[in-house]
Amino acid sequence: MNRTSWFLAGLLVVSAHAAALAQDNPKQTPAVTLKVGDRAPKLQVARWMQGEPVAELAPGTAYIVEFWATWCGPCVVSIPHLNELHEKFKDRGLVVIGQDCWENNESAVAPFIKKMGDKMTYRVALDLKKDEKDRGRMAETWMAAAGQNGIPSAFVINKQGLIAWIGHPMSLKEPVLEQVLDGTFDVARAAAAFELRRKNQPQVTALSRKMGASMQQKNWDEAEAALGEIARLIPEEDQANLDVTRFQIAMKRRNFPAAFELARRSGDAQKDNAMLQNMLAWEIAKMDPVDKPDLQLAELCANRANEATKGEDAAILDTLARVHFMKGDQTRAIELQTKAVSRAEGRMKTVLEGVLKSYREGKLPPPTD
């Protein structure tokens with residue numbers, strides 16, 4: 001439920017290795033031999049758990065091959081986003097494959113798919129292994145070869161069979177797929193950017209850690225200095241990702257006008273990113289009313305998040321309800337919070353029920369981070 005998790009995403013996504021958001025593979029990988037611009041390796045699947053089998057990567061078809069596991073929390077978060085891409089582009093020649101990887105218990109895969117339901121409707125495959133100790137062919141020829149040490153990780157393959165993009169699936173934007181599908185995506189430029197990320201990754205990772213430590217110590221000058229160094233080391237197309245962290249720093253420094261401008265810019269750049277939109281809305285909605293939060297902006301972001309998740313995410317509904325209550329619409333807040341409670345389970349349900357009780361009493365409850 002912690003909507004401020006995107007604070008960590010803002011720090012880590014700029015490290016040029018978005019897999020840092022997930023659990024690391026304890027086995028260190030050799031030198032990178034598979035890069036953006038290379039021909040995609042062949043598929044080596046043990047069994048297709050869902051969807052029509054794909055024998056090979058066919059010319060004229062674009063693919064997303066995403067590596068995930070049932071035990072991976074960030075994978076669970078990214079699956080609905082991947083499914084949205086699948087639903088939007090499947091009729092335009094995009095095939096999405098959820099490639100199970102580093103799985104601790106393959107018997108858990110089928111129940112996991114069933115539980116995800118309509119949030120995971122694309123193809124799902126098990127990795128080909130010699131025995132239980134084997135890491136898997138796909139894990140070796142794709143993940144290890146590309147230096148991907150964490151999941152979820154996604155590969156986009158264009159219609160010519162070349163790898164066009166590698167990264168965390170939450171960072172995969174629709175314009176990339178639009179260009180891949182219509183043949184205008186510049187693979188050579190993407191390959192150069194990939195090399196720059198890989199070359200500077202150690203420095204960027206160290207600076208990201210330094211920045212995180214500075215922010216924990218509330219040393220905003222040092223944090224901004226580290227952020228500036230990061231900006232000089234990453235490709236142009238990654239610069240917008242830094243706005244998430246700039247927003248967080250501006251909020252902590254109580255420079256609210258700057259924070260709101262950064263939130264608007266970040267939100268406009270990633271309108272379909274439900275996690276980002278919800279984080280931006282929540283950070284504004286949990287402000288003290290005396291600080292004059294931009295509730296119009298918060299409502300815009302929360303509505304985008306709610307639309308992207310089709311009104312089914314409890315945490316997003318909770319955010320939107322709070323925004324409406326702060327705007328003086330108690331009736332709408334109660335309606336949304338009631339729906340949030342109905343979508344929640346366990347401790348989260350209990351917390352949201354307490355918030356609903358406060359709204360019915362006409363009281364703004366403390367933020368429930």
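Two strands pair if DSSP finds at least two bridges between them. Strands (E, at least two residues) and helices (H or I, at least four) are DSSP runs, numbered from the N terminus.

Some ground rules. This is a predicted model, with local features needing pLDDT of at least 70, side-chain atom pairs counted only at pLDDT 80 or more, and totals for chains, interfaces and linings using all residues. Residues are numbered from 1 along each chain as its sequence is written, and side-chain values use heavy atoms, with hydrogens and water left out.

On confidence: pLDDT is the predictor's confidence in each residue, from 0 to 100. The protein has a mean of 90, and 92% of its residues reach 70 or more. Residues 6–29 stay under 50. For that stretch the model has 64 contacts beyond four places in sequence, a contact being heavy atoms within 4.5 Å. Where pLDDT is low, the predicted coordinates should not be read in detail.

Now strand E2. E2 pairs with strand E5 (residues 153–157) in the antiparallel sense, over five bridges, and Val65 stands opposite Phe155 in E5. With strand E3 (residues 94–100) the pairing of E2 is parallel, over seven bridges. There, Phe67 has Gln99 as its bridge partner. E2, helix H2 (residues 73–89) and E3 make a right-handed β-α-β unit; right-handed means that, with the strands pointing away from the viewer, the path from the first strand over the helix to the second runs clockwise.

How enclosed is E2 by the rest of the structure? Seven of the seven residues of E2 (residues 62–68) are buried, so the strand is largely enclosed. Buried means under 20% relative accessible area, exposed over 50%, and partly exposed in between, with a 1.4 Å probe and protein chains only. On one side of E2 the buried residues are Ala62, Ile64, Glu66 and Trp68; on the other they are Tyr63, Val65 and Phe67.

Next, the cysteines. A disulfide here is a pair of cysteine sulfur atoms within 2.5 Å, and the structure holds one. The bond joins Cys72 to Cys75, S to S 2.4 Å. The torsion about that S-S bond is about 80 degrees, so the disulfide is right-handed. Cys72 is buried at 0% relative accessibility, and Cys75 is buried at 0% as well. Cys101 is buried at 1%.

Last, salt bridges. Side chains of opposite charge can pair when their charged atoms come close. The rule is a side-chain nitrogen of Lys or Arg within 4 Å of a carboxyl oxygen of Asp or Glu, and the count by this rule comes to 25. One of them joins Glu178 and Arg92, with the closest N and O atoms 2.8 Å apart. Glu178 is in helix H5 (residues 174–182) and Arg92 in the loop between H2 and E3, 86 residues apart. Glu178 is partly exposed at 26%, and Arg92 is partly exposed at 38%.

Another is Asp268 with Arg304, 2.8 Å from N to O. Asp268 lies in helix H9 (residues 256–269) and Arg304 in helix H11 (residues 295–308), so this pair ties together parts 36 residues apart in sequence. Asp268 is partly exposed at 37%, whereas Arg304 is buried at 13%.
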